[in-house]
Amino acid sequence: MLKEFVQHIQETAKPQIVEIGGVTYIVNQGGNIKEVFPRAVLPDTLPLNSLDALVKLVKTEFVHRILGDKTVLYITVPDHLTVRCFGHPDYDQRAVRPVYYEANATDVPGWDERVQLPFEEMQIALRTRFQETADTPYIQKLLTEISTGAKITFNDNGVATTVVTKKGIDLQNNETIRPIITLRPYRTFQEIDQPESVFLIRINERGISFIEADGGMWKLKARETIKAFLEDKLANEINAGAVVVAL
């Protein structure tokens, strides 16, 4: 009798699992009820390093294997270095939203809001870390004249800088430097045209400074350019209603 009594206590003390309306609950001995949610089984987010890889995966893997379920792929550009691809939330799994792919621009040189370099180093940077603009030849010529001058005199009035370079004993050039130039540093995916930025020039004996003067608006331009690139490469998928691209 004692053994049966103990067994009865153990059985009644166990939590009870019940299903009502397709939803599973656990009821403990105190009468407390807790809903049980199944564990979501989702694919791992695939990290990518280029827009080209992302486009190819969307065109082949996603459209061919997932589109049959009428799933729409959403592509967003949260910042100038990231593109994220995700699907509808799965309401059977507590509205978990699967993220299929994420592309990150990890191999771009980048450029800070303010950079000061010696004249020769800035000349090298202009050739290796920038796409060319209409102002590139001007600043390259200016750096060449300054770096080859035997004697350099600077006069900065707060608005513009005047540089006097003297070569040898006869040749002397007095030039007021344009304070604002437009350049394109590599700062986003290299498959697209780099966004232009307005830079303020400052020069002293230690070198030349490029100071970003557009309030960071180039980041929005970069996102818009990425979006346009994806809309062009995925035009068929967008027209078929399989893909939606947004900022």
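Q: Which side chains meet in a salt bridge at 2.7 Å, N to O?
A: Those of Arg84 and Glu102. A salt bridge here is a side-chain nitrogen of Lys or Arg within 4 Å of a carboxyl oxygen of Asp or Glu.

Q: What kind of model is this?
A: A predicted one: local features need pLDDT of at least 70, side-chain atom pairs count only at pLDDT 80 or more, and totals for chains, interfaces and linings use all residues. Residues are numbered from 1 along each chain as its sequence is written, and side-chain values use heavy atoms, with hydrogens and water left out.

Q: Back to the pair. What does it tie together?
A: Arg84 is in strand S6 and Glu102 in strand S7, so the pair links parts 18 residues apart in sequence. Strands (E, at least two residues) and helices (H or I, at least four) are DSSP runs, numbered from the N terminus.

Q: How many salt bridges does the rule give?
A: The count is 7. Another of them joins Glu212 and Arg187 at 3.7 Å, N to O. Glu212 sits in strand S15 (residues 207–212), Arg187 in the loop between S13 and S14, 25 residues apart.

Q: Are Glu212 and Arg187 buried or exposed?
A: Both are buried. That means under 20% relative accessible area; exposed is over 50%, partly exposed in between (1.4 Å probe, protein chains only). Arg84, at 28%, counts as partly exposed.

Q: New topic. How do S6 and S7 pair?
A: Antiparallel, over 5 bridges. Two strands pair if DSSP finds at least two bridges between them. Cys85 stands opposite Tyr101 in S7.

Q: What is the strand order of the sheet?
A: S4-S7-S6-S5-S16, an open sheet of 5 strands with mixed pairing. S4 (46–48) and S16 (243–246) are at the edges with a single partner strand each, so one side of each has no neighbour in the sheet.

Q: Which helix packs on the sheet?
A: Helix H5 (residues 217–233), touching S5 (73–79), S6 and S16. Contact means heavy atoms within 4.5 Å.

Q: And the largest nonpolar core, how many residues?
A: It has 27. A nonpolar core is a set of buried Ala, Val, Leu, Ile, Met, Phe, Trp, Tyr and Cys residues joined through side-chain atoms within 4.5 Å. Leu54, Ile75, Val83 and Leu230 have the most contacts inside it.

Q: Which element gives the largest share?
A: H2, with 7 residues.

Q: What does a second core include?
A: Met122, Leu126, Ile203 and Phe210 are among its 21 residues, and it is separate.

Notes. Axes are lines fitted to C-alpha atoms, for helices over the stretch in contact, and angles run from 0 to 180 degrees between N-to-C directions.
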